[in-house]
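Dear colleague,

I am handing over the structure below. My notes on its aromatic pairs and cavities follow.

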Amino acid sequence: MSTKSTSAPLDLEGILARLEPHAKELGGLPRKVIDPVEWRSFKLVQKDHLSHNTARYRFALPRPTDSLGLPVGQHISVMAEIDGNKVIRSYTPTTLDNDKGHFDLVVKTYEKGNISRYLSLLTIGQEVKVKGPKGKFHYQRNLVPHLVMIAGGTGLTPMYQIIRSSLQDPKDKTELALIYANVEEDDICGADVVVMRKELEEMRDNSNGRFKLFVSAIGLRLTEPVPAPLIPPPQYCLNKPPAGWTGGVGFVTQEMIEKFMPPGGVGSPVHGEGHKVLMCGPPPMINAMKAHLAKIGYPAPRSLSKLEDQVFLF
């Protein structure tokens, strides 16, 4: 007579714990390596200059099978000792946990930015201290029917991470729209295709219309949207156009946001209802976007946004 086991099913952590003694034969097991309390050091193994002031920094994890352990939409803290003081800044990696053995940061260097300048001066083999995860936003499959994202400068990185994660999941049906703003031509184009522009366009082109990339510079004017199933290519424009620039000039406007909202509009003026709007970028731009959203009818973002908020500010 057969008997049924009464033991509880193992979760992933339990399965990994049982496999740990056999890790060597298996070629290593995946581990999540960051800690929310302890600062841990990671070595710089690659630096790619994307423009005159932006670079992609790749840091190695202890094992090639390791993942950072960062929920999608959250960020890490980076710490450095500068002139005898500990300085801490938050960054969102552009890699996901299925990118094994490393994580990438895309960082714009500012003249008075302590950590960004520190990173720009790192040489291959030097280390940074990191801890995390941090943040209240955690993207999961089909979180909402629509996500409207507004980003400026390297505020693009949390949006990039969310878009990439969503589009990699064939079961995720969330409709994505990105309004991206930047300042100078070298920040969005050129021989090296800066700040992930090429990757964004490839994701858009391969999304079957689920991801719409509408803006890619502060001061952007777009052509009228092309009806589905066609996907309109972005028309780049700048706040500081160089001589000979043929794109548009202007700022992200209320009308642009209205054009790229979901068909149902705001949905609700109450937090926690309807689709979500995510924003990340320089304070002047974010303040302007808050005013636009208020006029459209969206609720004001809280000073400390929560996952359930309809308007979430990173």
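**Aromatic rings and a cavity**

F314 is partly exposed, at 30% relative accessibility (buried means under 20% relative accessible area, exposed over 50%, partly exposed in between, with a 1.4 Å probe and protein chains only). This is a predicted model, in which local features need pLDDT of at least 70 and side-chain atom pairs count only at pLDDT 80 or more, while totals for chains, interfaces and linings use all residues. Residues are numbered from 1 along each chain as its sequence is written, and side-chain values use heavy atoms, with hydrogens and water left out.

The whole structure holds five aromatic pairs (rings of Phe, Tyr and Trp, the last by its six-membered ring, with centres within 6.5 Å; planes under 30 degrees apart are stacked, over 60 edge-to-face, the rest tilted). One of them joins F137 and F314 edge-to-face, at 5.6 Å centre to centre and 65° between the planes. F312 and F314 have ring centres 5.1 Å apart and planes at 65°, so this pair is also edge-to-face. F137 is buried at 1% relative accessibility, and F312 is buried at 3%. Elsewhere, F42, F59 and F103 make up one aromatic cluster.

F103 also belongs to the lining of the second largest cavity, together with L68, L70, P93, T95, L96, D97, H102 and Q161 (a cavity is a set of points on a 1 Å grid over the protein atoms alone where a 1.4 Å probe fits but cannot get out; lining residues have an atom within 4 Å of a point). Its volume is about 50 Å³, taken as the space filled by probe spheres set on the points.

Regards

Conventions:
1 Å grid on protein atoms, 1.4 Å probe; cavity = no way out; pocket = protein on both sides within 12 Å on 5 of 7 lines; lining within 4 Å.
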